[in-house]
Amino acid sequence: MRQHPKGYIALISVLLISVALLVAVASLSFSGYLNRFIILDAEAKDESLAYAEACASSAIGEVTKNSSYTPPAPPANELNIGTGKCSIDSVVSAGSNRLINTRATVGKAVTKIQVEFDPLSLNIISWNEIP
């Protein structure tokens with residue numbers, strides 16, 4: 001008569017449960033690791049938006065002081081701010097208004113802003129982020 005080993009089913013059950021828990025813990029850990037990079041990218045995008053808006057404000061000030069202002073050629077049109085940089089790409093006439101295009105880069109995040117404003121009344125007609 002053959003004897004069956006005792007505890008074989010319990011041992012297999014413990015192994016299967018351990019593997020299932022290990023997979024669950026590893027997947028949760030990996031998703032937390034990826035979420036950190038998503039948050040860092042979002043912060044870089046917010047920072048680049050602020051820099052692009054700062055360059056747009058600077059360009060508005062320059063046009064207000066000098067109605068025929070045109071930005072200098074690159075790289076002289078770039079402003080280094082903190083961890084990023086922004087540039088005034090163009091200032092062109094659109095009828096009696098001025099159209100200003102700026103760009104800012106922080107890490108891999110790039111933001112472009114287009115502003116249309118009236119230099120005579122100093123009214124901003126539009127202020128948009130462009131693709």
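Glu129 is partly exposed in this predicted model, with a relative accessible area of 45%. The side chain of Glu129 meets that of Lys45 in a salt bridge, at 2.9 Å from N to O. Because Lys45 belongs to helix α1 (residues 8-65) and Glu129 to strand β5 (residues 123-130), this pair ties together parts that are 84 residues apart in sequence. Lys45 likewise counts as partly exposed, at 29% relative accessibility.

**Overall architecture**

The protein chain contains 1 helix and 5 strands. Read from the N terminus, the order of these elements is α-β-β-β-β-β. The radius of gyration is 29 Å, well over the 14 Å that the globule rule gives for 131 residues, and the chain is therefore more spread out than a compact globule. Along the principal axes, the C-alpha atoms fill a box of roughly 105 × 25 × 15 Å.

Of the 131 residues, 24% count as buried. The accessible surface of the protein chain comes to about 9100 Å², and carbon and sulfur atoms account for 63% of that area. When contacts between residues at least 6 apart in sequence are considered, 38% of them join residues at least 24 apart.

**Charges and salt bridges**

The protein chain carries 10 positive and 11 negative charges, whose mean positions are 17 Å apart. Side chains of opposite charge can pair when their charged atoms come close. The structure holds 3 salt bridges, which are set out below.

| Salt bridge | N to O distance |
|---|---|
| Lys45 and Glu129 | 2.9 Å |
| Lys65 and Glu62 | 3.6 Å |
| Arg103 and Asp89 | 3.3 Å |

Where do Lys65 and Glu62 lie? Both are in helix α1, 3 residues apart, which is about one turn of the helix. Lys65 is exposed, with a relative accessible area of 68%, whereas Glu62 counts as partly exposed at 28% relative accessibility.

The side chains of Arg103 and Asp89 form a salt bridge at 3.3 Å, N to O. This pair links distant parts of the chain, with Arg103 in strand β3 (residues 97-106) and Asp89 in strand β2 (residues 84-94), 14 residues apart. Arg103 counts as partly exposed, at 33% relative accessibility. Asp89 is also partly exposed, and its relative accessible area is 34%.

**A buried glutamate without a partner**

Glu116 is located in strand β4 (residues 109-118). Is Glu116 buried or exposed? Glu116 is buried, yet it has no salt bridge. The nearest side chain of opposite charge is that of Arg98, 11 Å away. A salt bridge requires a side-chain nitrogen of Lys or Arg within 4 Å of a carboxyl oxygen of Asp or Glu.

Which residues are in contact with Glu116, leaving aside its neighbours within four places in sequence? They are Ala94, Asn97, Arg98, Leu99, Ile124, Ile125 and Ser126.

Note on methods:
Residues numbered from 1 in each chain as written. Predicted model: local features only at pLDDT ≥ 70, side-chain atom pairs only at ≥ 80, totals over all residues. Heavy atoms only, no water. Helix = DSSP H or I, 4+ residues; strand = E, 2+ residues; numbered from the N terminus. Rg over C-alpha atoms; globule rule 2.2 N^0.38 Å. Buried < 20%, exposed > 50% of the residue type's maximum accessible area, 1.4 Å probe, protein only. Contact = heavy atoms within 4.5 Å. Areas by Shrake-Rupley, 256 points an atom, 1.4 Å probe, with all protein chains shown as cover. Lys, Arg positive; Asp, Glu negative; His and termini not counted. Charge placed at Lys NZ, Arg CZ, Asp CG, Glu CD.
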